[in-house]
Amino acid sequence: MSKEPSINKSIDKINEEAKKVLKEMLSKRVVTALLTQVKEEKGMIRRVLVTKESEIENIDLFTPVIPGFSVATYLSELTKDNPLPKPLGVTAKPCEVKAVIELTKLEQIKLENVVLIGTDCYGTFHVLKFKEMVEKGENPNQKFYDSFLRREENRDFRTYCKICASPTPENTDINLGYIGKSSKLYIEAKSEKGKIILAKIGLTANRDKEREEAITEIIKERGGKYNEFVLKSREEVKGVEGLREIFKDCIKCQNCMEACPICFCKECFFDSQDYDFVFNKYLKWTVEEGTTPSIKAKIQFHLGRMLHMGVSCIDCGLCEQACPEDIELSKVFTVITNEARKEFNYQPGRKIDEPVPLIYAEEEELEEFLKSP
Ligand code: SF4
Ligand code: SF4
Ligand code: SF4
């Protein structure tokens with residue numbers, strides 16, 4: 001692999017190819033709309049529902065940013081009460097697909113009439129870094145793609161992206177990607193539905209050995225980085241003192257919770273009447289600690305959130321991106337979720353029919369519980 005970025009290798013050209021596929025899907029009516037992302041006039045990215053072929057022009061499928069919320073959050077809003085009446089194509093990065101799978105199992109998304117179109121992802125910038133680049137007239141798309149071509153960690157990628165070992169999504173219907181040895185659009189049918197759709201729009205899947213190898217290489221390299229990060233974080237954030245240190249500047253604005261696609265409860269405990277009682281306790285702690293919000297309150301909030309969704313956390317890092325105080329939530333969440341995954345032998349987003357441990361109990365577990373004093 002050349003160390004020099006090639007001027008002929010452009011992610012925008014690959015995006016053009018991907019747009020043709022999406023246009024065919026709309027024109028052949030295999031989907032009636034697309035939940036996807038478009039580039040606005042000033043270069044920022046916005047989630048939209050595209051219903052007309054003319055609107056496809058502005059789609060920017062591989063752009064290296066998640067602008068605020070995961071696409072899973074939007075899909076949940078659209079489908080949690082009723083399934084969609086007509087087919088909707090949803091484009092999603094690997095961590096967003098995992099969130100869709102988890103929310104489906106948690107009955108917050110109904111997948112009927114959803115066509116999941118996964119997109120490759122080598123990494124994304126913090127939304128504010130992305131904005132800064134755009135304002136300076138830089139091209140974040142080409143910047144990330146050059147990093148990919150050189151297989152170089154981009155220091156501006158979000159922490160979670162630097163350790164993400166999911167460069168291409170699983171559990172989709174179709175994947176559109178750029179990861180491979182050639183600079184071209186890779187098209188894959190990942191389900192029976194995907195195969196039928198590709199046949200209807202007259203396209204053939206073109207996954208090749210070189211793509212397989214490139215994906216395996218990235219998974220291996222990033223998997224190693226994830227393990228190193230977890231080990232280092234475990235040392236850095238030890239015990240109650242470690243938690244106090246990491247959350248000392250938290251202002252308990254709850255932005256992390258709002259941005260998290262996996263915070264799934266229909267009625268949030270932190271918005272409920274029950275929480276008022278806890279809040280009164282906080283006031284007492286505040287007097288003891290002489291500060292507000294009290295550190296105990298902050299830790300209680302974060303541990304409470306982890307307890308609810310920790311085992312389904314899909315390492316998207318949108319919590320960390322949403323934090324106005326730059327709290328390094330990754331250092332706490334990766335350690336806890338990694339332990340939870342091992343404990344339950346569970347990988348969030350891995351399989352649609354793998355029950356979420358939080359809402360599923362083995363008979364023996366109940367017996368153990370009944371026997372306990
Ligand atoms: S965590 Fe980052 S690199 Fe991984 S899929 Fe999400 S946005 Fe892409
Ligand atoms: S977003 Fe940051 S400051 Fe706000 S509650 Fe979460 S960790 Fe605390
Ligand atoms: S806790 Fe953070 S990393 Fe985990 S799913 Fe929620 S937003 Fe993503």
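Predicted model: local features only at pLDDT ≥ 70, side-chain atom pairs only at ≥ 80, totals over all residues.
Local features are given where pLDDT is at least 70 and side-chain atom pairs count only at pLDDT 80 or more, while totals for chains, interfaces and linings use all residues. Residues are numbered from 1 along each chain as its sequence is written, and chains are lettered from A and ligands numbered from 1 in the order in which they are written.

At least three of its residues come from each of domain 1 (11-228) and domain 2 (238-371), with bounds from an automatic or database domain assignment. C260 touches M309, L318 and C319, not counting residues up to four places away in sequence; contact requires C-beta atoms, placed from the backbone, within 7 Å.

Around ligand 1 there are 14 residues, of which P94, C95, C121, C161 and C164 come nearest; a residue is near if its C-beta atom, placed from the backbone, lies within 6 Å. Domain 1 and domain 2 each give at least three residues to this shell.

Ligand 2 has 13 residues around it, and C250, C253, N255, C256 and C323 come nearest.

V332 lies in helix α14 (residues 330-344), helices being DSSP runs (H or I) of at least four residues, numbered from the N terminus. V332 is buried because 21 other C-beta atoms lie within 10 Å, the cut-off being 20 or more. Leaving aside neighbours within four places in sequence, V332 is in contact with V237 and I246.

Technical notes: Contact = placed C-beta atoms within 7 Å. Helix = DSSP H or I, 4+ residues; strand = E, 2+ residues; numbered from the N terminus. Buried ≥ 20, exposed ≤ 12 C-beta atoms within 10 Å, placed from the backbone.
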